[in-house]
Amino acid sequence: MKNIVVIGVGYVGLPMAAGFADFGNRVMCVDVNEDRIAGLKNGIMPIYEPGLEELTRRNVAAGRLIFTTSYEDALNGKDAPAEYVFIAVGTPEGVDGEADLRYVRAVAETIAVTMDHPLIIINKSTVPVGTGDWVSDIVRSKQPKPIPFSVVSNPEFLREGAAVTDFMYPDRVVLGSLDENAAQKVAQLYLPLRAPLIITDLRTAEMIKYASNAFLATKISFINEIANICEALGADVKEVAAGMGYDKRIGRAFLDAGLGYGGSCFPKDVKALSHMANIQGKHPQLLEAVMQINADARRSIVSKVRDLVCANDKRTSGRLNRLEGKVIGVLGLAFKANTDDMRESQPVDIIRMLQADGATIKAYDPVAMENAGRLLKNVTLCEDSYELADGCDAIVIGTEWNEFKNLDLVKLKKAMRHPIIVDGRNLYDPTKMRELGFTYRGVGRGYV
Ligand code: NAD
Ligand code: UGA
């Protein structure tokens, strides 16, 4: 049993804290968000993440998972002083794509002035290469009196919507430090997972995280480029991806063409890596292409809606607000299925582009409605897909939620003013959709 502190109970911090508690450790979670901590003390989850509520409840009940807003209580508790302190606060996009490290800085400063005994400080947040050294400098310079500490980089690779499983069954655990002994101590925490372990230096560990995310983003932009070419040449990108994926050197994962990547990670991390390269006088031309293709994927959906909805409408030709008077329904608002996270959501971006073109928007998401409602203006939020379909000139599929895969499409079509579907997630079979009487466009599914 180890005494662990996790700072920041968000999409990474909370699953990790509950996971470590489940291995029998005592985990204190600190967050500056008082509402979050008060809610967690009352069993209210701050985020939607399958399996997290049960895991959290079990470990709270066992007395192994504790929530507080007090760094003092978490770090220096008399009965259980912390040995390990994980930093899991946000590192959002800052100016010019640079990672904004203000929260990491605040945490490092607070640890420095609060700690009263030696600690291993572990960075879970995704941070620019060199941040581990920077955190060391901050802690050292802000300590009222010198107390030994080590800094270890331990990037996280979990996905939202699968955070608990990904934490419990990681493909690998990466640890980077200048202090080999500290890295080995952190490695002990992960022993129950039996995952491959990579122990390296701080900067290399930090780079492994960015390189991994940038590679996955590149795969997505690659398949979106292929999808675009498929549309011109009459090939089906879904089958192309399947055919490519059987090659073990390529793999099928992350070859789903669609709206491009969104979410709280890939967009900001690709930008941050590109920014790091530029600052060093390197030209990250592949990363720049990845970002451009990604932006185009969203614009392409809006063009498809415009083309199909206005195809036979002579009044709209040449007009700026071509979708004026048209009702477009958007099914799915989260950046991917199984999450309520709205950060960098592609459907939200698409809604704004459609609104700028004069469209009236109806929207529905099985889980993310509350968060989406705070972001979206002048959008009618519906109770379900069929209420949404009522009177629509077209529907855009924004998120690949399971419930959209099994819709009663005949009922949906009856409710619509015009049976047009632009499927940003390639959920349906184009031939079947045509047989049902829909005008259907996916992404890269043969001639458009
Ligand atoms: P999040 O926004 O969901 O959670 C961050 C939490 O930190 C919030 O609850 C916030 O109140 C708290 N916080 C901010 N400042 C604080 C402070 N000074 N002291 C204590 N708490 C503070 O963020 P997230 O999505 O969990 O991401 C955290 C980090 O992990 C980021 O660097 C991100 O890039 C990285 N990451 C995220 C994911 C993911 O799937 N979301 C996966 C891997 C890595
Ligand atoms: C991603 C990585 O998968 C995690 O390994 C990493 O830890 C995390 O970022 C992070 O660093 O924060 P996440 O953003 O939760 O996780 O979601 P993904 O499943 O990777 O999807 C990201 C985006 O790409 C989504 O918008 C998804 O719809 C899109 N995507 C994914 C595609 O368009 N095509 C695909 O084939 C796969």
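Domain 1 (3–200) and domain 2 (202–448), with bounds from an automatic or database domain assignment, both give residues to the shell around ligand 2, so ligand 2 lies between them. This is a predicted model: local features need pLDDT of at least 70, side-chain atom pairs count only at pLDDT 80 or more, and totals for chains, interfaces and linings use all residues. Residues are numbered from 1 along each chain as its sequence is written, chains are lettered from A and ligands numbered from 1 in the order written, and side-chain values use heavy atoms, without hydrogens and water.

The shell around ligand 2 holds 21 residues, each with a heavy atom within 4 Å of the ligand. F157, L158, K209, N213 and C265 are the closest. By class, 9 are nonpolar, 4 polar and 8 charged. Here Ala, Val, Leu, Ile, Met, Phe, Trp, Tyr, Cys and Pro count as nonpolar, Asp, Glu, Lys and Arg as charged, and the others, Gly among them, as polar.

Oxygen atoms of ligand 2 meet the protein in several places. A backbone N or O atom of F157 lies 2.7 Å from one. For N213, a side-chain N or O atom is 2.7 Å from an oxygen of ligand 2. At L255, the distance from a backbone N or O atom to a ligand 2 oxygen is 3.3 Å.

Note on methods
A polar contact is a pair of N or O atoms within 3.5 Å; within protein, one must be able to donate a hydrogen and the other to accept it, and residues adjacent in sequence count only if both atoms are side-chain atoms.
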